Amino acid sequence: MVSNLAGGGVVEPGAEPDTRLGALETYAAQAHDHLGAGTDQLPGLLRPMVLQSWLRSMRGGVDPLDAVDGRGLRGTDLQRYRESHPIAAVMPLVDRLLLQDATGSGLIVVVADQFGRVLSVHGNPDRVAAVTAAGVREGDDLSERRVGTNAIGLVVRTGRAAWIHGPEHFLRRMHRLTGAAAPVHDPDGRLVGVLMIAGGARVAQPEVLALVKAAATAAEMDLALTAARFARRGAEGPGAAARSSPARSPDRLGLEVLGLGQPQLTVAGERIPLSQRHAEILLLLAEHPEGLSADHLALLLDDTDLDNATVRAAMSRLRGVIGAAVVGSRPYRLLVPLATDIEALRAALDSGDVETAVRLYAGPVLPRSIAPGVMDIRDELRVRLRSAVLRSEDAVVLGRWTACAEGRDDAAAWAVYRSTVDRDSALYTQIEAKIRVLDRRMGVNATQMQRFGS
């Protein structure tokens, strides 16, 4: 068991900032020295929050000497994911409240998603380059499980504002950074993003954390006001949103189709609930950028001879929701970029980032849909993700997969998961019990399934 032994006097809360930060640096540096020596003692007065994060980082196998790697979302994959993400709706507000003042004073502002994925980094180019070299890079995963103790990772883990100074970061490459971060929640209380100010020691001042918390609170209020406006429009009737929308075509759209919730369309930063049929049509058009004839679209929507008149009526209703200039005809095709949550998941798989892919997988693609084209997409994505999970032999990834609805009874995944766990641990016993239940229920041997990759 790693302990946190006092290597000096307690840092008094009222101490001068430079003195207090100097003591934190000394204690954290001592802890890193002992960590590097392979001992089970951390002789430094790490703050309790930091100590607990260090312990989780160590148990998760994070290497404090880990170097920056090439994993992460990049290029157009990142751009489309960022533009369709709910946090995009509050970026104009964040720009006014945070970016202009903070970046103008030489600080860095980082915006991350609910998983710790960095969506954007703002500031002086030289300073952005410096934090990029430390691993705070657009598209990278700063979750605690990936890079250990850091401000964004702590916010994702705890849901509370946090600051991390210098050597308190678990990774040595981040020791020149100080970060103050705060969560942004949607009106239902779900974490949707993280705001962070990063820079040198002055970021550790209380007023900087207060500033980023105030910006996050304002962003939450803006999201709540947007939700209230849409609720009022819904009460006015199904055509109210379309009537109050501008006539021009939106610059971009976002589509969420993963999981059991109602499909959502993001237009100009605002989320609109979609019907099942409209979501099916938009998804199929996104998957076929070359366009679809009415006959082809009818076959992808229904293999029981759906007539073209029904397809035309559905397209007419869809244009009433998203605007007439969004979808072209002959063939039916999208005239504006449409980013889907499926694309972000595929991009994570393409880059080999299976852990992020599993976290992005909120559930099957439009699980209630029986449209043949949608069922093909659903099956393709599930098979590809499951194969990547089994090949990873990563305990964290396998733990997430076996905890989700589709992996809960996946005997092969449980068998691989068992092989990654210490045989003397309580977790091994739990996994073994689950495998025995599956063996009895399914009449198969999970170990054999693991061997043959079933």
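Student: Where does A130 lie in this predicted model?

Tutor: A130 lies in helix α5, residues 125-134. The model is predicted.

Student: Why is A130 called partly exposed?

Tutor: Its relative accessibility is 48%. Buried means under 20% and exposed means over 50%, with partly exposed in between. A130 at 48% therefore counts as partly exposed.

Student: How far is A130 from G199 in sequence and in space?

Tutor: A130 and G199 are 69 residues apart in sequence. Their C-alpha atoms are 9.7 Å apart.

Student: Where is R47, and why is R47 called buried?

Tutor: R47 lies in the loop between β2 (41-42) and α2 (48-59). Its relative accessible area is 16%. The limit for buried is under 20%, so R47 counts as buried.

Student: What does R47 touch, leaving aside its neighbours within four places in sequence?

Tutor: R47 is in contact with L24, W163, I164 and E168.

Student: What makes E168 and R47 a salt bridge?

Tutor: Their side chains meet at 2.7 Å, N to O. The cut-off is 4 Å between a side-chain nitrogen of Lys or Arg and a carboxyl oxygen of Asp or Glu, so the pair qualifies. E168 sits in the loop between β5 (162-165) and β6 (178-185), and the pair links parts of the chain 121 residues apart.

Student: Is E168 buried or exposed?

Tutor: Buried. Its relative accessibility is 2%, and the limit is under 20%.

Student: How do you know that D410 and R386 form a salt bridge?

Tutor: The N to O distance is 2.6 Å. That is within 4 Å, so the pair counts. D410 lies in the loop between α16 (395-403) and α17 (411-419), and R386 in helix α15 (residues 372-392), so the bridge ties together parts 24 residues apart in sequence. D410 counts as buried at 5% relative accessibility. R386 is buried too, with a relative accessible area of 16%.

Student: How many salt bridges does a search of the whole structure find?

Tutor: It finds 23.

Student: Which residues form a positive surface patch?

Tutor: R59, R145, R157 and R400 form it. R145 is in helix α6, residues 144-147.

Methods. Residues are numbered from 1 along each chain as its sequence is written. This is a predicted model: local features need pLDDT of at least 70, side-chain atom pairs count only at pLDDT 80 or more; totals for chains, interfaces and linings use all residues. Side-chain values use heavy atoms; hydrogens and water are left out. Patches are made of residues with over 30% relative accessible area and no salt bridge: like charges are joined within 9 Å, nonpolar side chains (Val, Leu, Ile, Met, Phe, Trp, Tyr) within 5 Å. Accessible areas come from the Shrake-Rupley method with a 1.4 Å probe; for residues, only the protein chains shown count as cover. Lys and Arg count as positive and Asp and Glu as negative; His and the chain ends are not counted. The place of a charge is taken as NZ of Lys, CZ of Arg, CG of Asp or CD of Glu. Helices (H or I, at least four residues) and strands (E, at least two) are DSSP runs, numbered from the N terminus. Buried means under 20% relative accessible area, exposed over 50%, partly exposed in between (1.4 Å probe, protein chains only). Contact means heavy atoms within 4.5 Å.
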